[in-house]
Amino acid sequence: MADNESRMAKTVNALKDEYSSIRTGRASAALFDKVRVDYYGTPTPLNQVGTVSIPEARLVVVSPFDKSLISAIERAIQKAELGLNPSNDGKVIRISIPPLTADRRKELVKQAKSLAENYRTTIRNIRRDGNDELKKQQKAGELTEDQLKTETDRLQKLTDKYIDEINKVYEAKEKEIMD
């Protein structure tokens with residue numbers, strides 16, 4: 001039971017991580033978490049080759065530790081398909097975050113909804129695996145019929161709890177996108 005709960009909690013955290021990379025119209029360092037820069041042939045996270053700072057609500061500034069990487073960082077941001085255009089002045093890269101259009105907001109909400117559904121499915125799969133394990137234990141004589149019913153009900157309550165949590169995370173993200 002504890003294993004199932006930890007797997008479900010990890011699933012919810014994975015959804016939160018996934019949502020942090022969805023652009024909402026505000027500048028956020030989390031947008032660049034998945035950006036990988038070609039650092040001497042090795043894909044390296046952006047935050048390991050430069051400092052990502054947010055001086056204003058709609059502006060991100062990337063200061064590379066090594067100035068020779070400026071064009072590689074710029075290419076990596078463009079390749080990441082964030083819909084952002086970086087510009088550099090030779091020392092830092094400035095990325096202005098344009099306001100989202102109504103259509104783009106709807107697209108992002110659809111994307112968020114689809115992600116939430118995928119993670120709900122993952123939670124249900126964990127429940128199915130748990131139920132299969134309980135049935136094996138009952139066949140092996142480790143659980144009685146009553147214990148099986150009790151444990152199956154506990155697993156269902158756990159599943160409901162984590163699906164509710166996913167719904168809350170989705171609703172918060174939807175509200176954030178639409179604001």
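A residue is called buried under 20% relative accessible area, exposed over 50%, and partly exposed in between, using a 1.4 Å probe and protein chains only. The structure is a predicted model, in which local features need pLDDT of at least 70, side-chain atom pairs count only at pLDDT 80 or more, and totals for chains, interfaces and linings use all residues. Residues are numbered from 1 along each chain as its sequence is written, and side-chain values use heavy atoms, with hydrogens and water left out.

**Exercise 1. Classify N4 as buried or exposed, and list what N4 touches.**

Step 1. Locate the residue: N4 lies in helix α1. Helices are DSSP runs of H or I with at least four residues, strands are runs of E with at least two, and both are numbered from the N terminus.

Step 2. Apply the cut-off. The relative accessible area of N4 is 9%, so N4 is buried.

Step 3. List the contacts, meaning heavy atoms within 4.5 Å. Leaving out residues up to four places away in sequence, N4 touches I126, G130, L155 and L158.

**Exercise 2. Describe how α1 and α3 are each placed against α4.**

Step 1. Two packed helices are described by the angle between their axes and the distance between the axes. Here the axes are lines fitted to C-alpha atoms, for helices over the stretch in contact, and angles run from 0 to 180 degrees between N-to-C directions.

Step 2. Take α1 with α4. The two pack at an angle of about 10 degrees, and their axes are 10 Å apart. α1 is therefore roughly parallel to α4. The classes are: under 35 degrees roughly parallel, over 145 roughly antiparallel, 65 to 115 roughly perpendicular, and the rest oblique.

Step 3. Identify the residues. On the α1 side, N4, E5, M8, A9, V12, L15, K16 and Y19 take part; their counterparts in α4 include L155, L158, Y162, I166 and K173. This contact consists of 11 nonpolar, two polar and five charged residues. Ala, Val, Leu, Ile, Met, Phe, Trp, Tyr, Cys and Pro count as nonpolar, Asp, Glu, Lys and Arg as charged, and the others, Gly among them, as polar.

Step 4. Take α3 with α4. Their axes come within 10 Å and cross at roughly 170 degrees, so the pair is roughly antiparallel. In this contact there are 15 nonpolar, seven polar and nine charged residues.

**Exercise 3. Find the residues that touch the most other members of the largest nonpolar core.**

Step 1. A nonpolar core is a set of buried Ala, Val, Leu, Ile, Met, Phe, Trp, Tyr and Cys residues joined through side-chain atoms within 4.5 Å.

Step 2. The largest such core has 25 residues, and M8, L15, Y19, I22 and I166 touch the most other members. Two or more residues come from each of α1 (2-20), α3 (102-139) and α4 (145-178).

Step 3. Apart from this core lies another, of 20 residues, including V35, V37, L69 and I97.

**Exercise 4. Work out the strand order of the open sheet and the pairing within it.**

Step 1. The four strands run in the order β3-β4-β6-β5, with antiparallel pairing. Two strands pair if DSSP finds at least two bridges between them. β3 (50-56) and β5 (86-88) are the edge strands, each pairing on one side only.

Step 2. Go across the sheet. β3 and β4 (residues 59-64) share five bridges, and a hairpin of two residues joins them. T51 has S63 as its bridge partner in β4. β4 and β6 are joined by four bridges, with V62 opposite I93 in β6. β5 and β6 are joined by three, and N88 is likewise bridged to I93.

**Exercise 5. Which residues of β6 form the covered face, and how accessible is S96?**

Step 1. I93 and I95 make up the covered face, whereas R94 and S96 make up the uncovered one.

Step 2. S96 has 47% relative accessibility, so S96 counts as partly exposed.

Step 3. S96 touches R58, L59 and L84, not counting residues up to four places away in sequence. The C-alpha atoms of S96 and L84 are 7.5 Å apart, at a separation of 12 residues in sequence.
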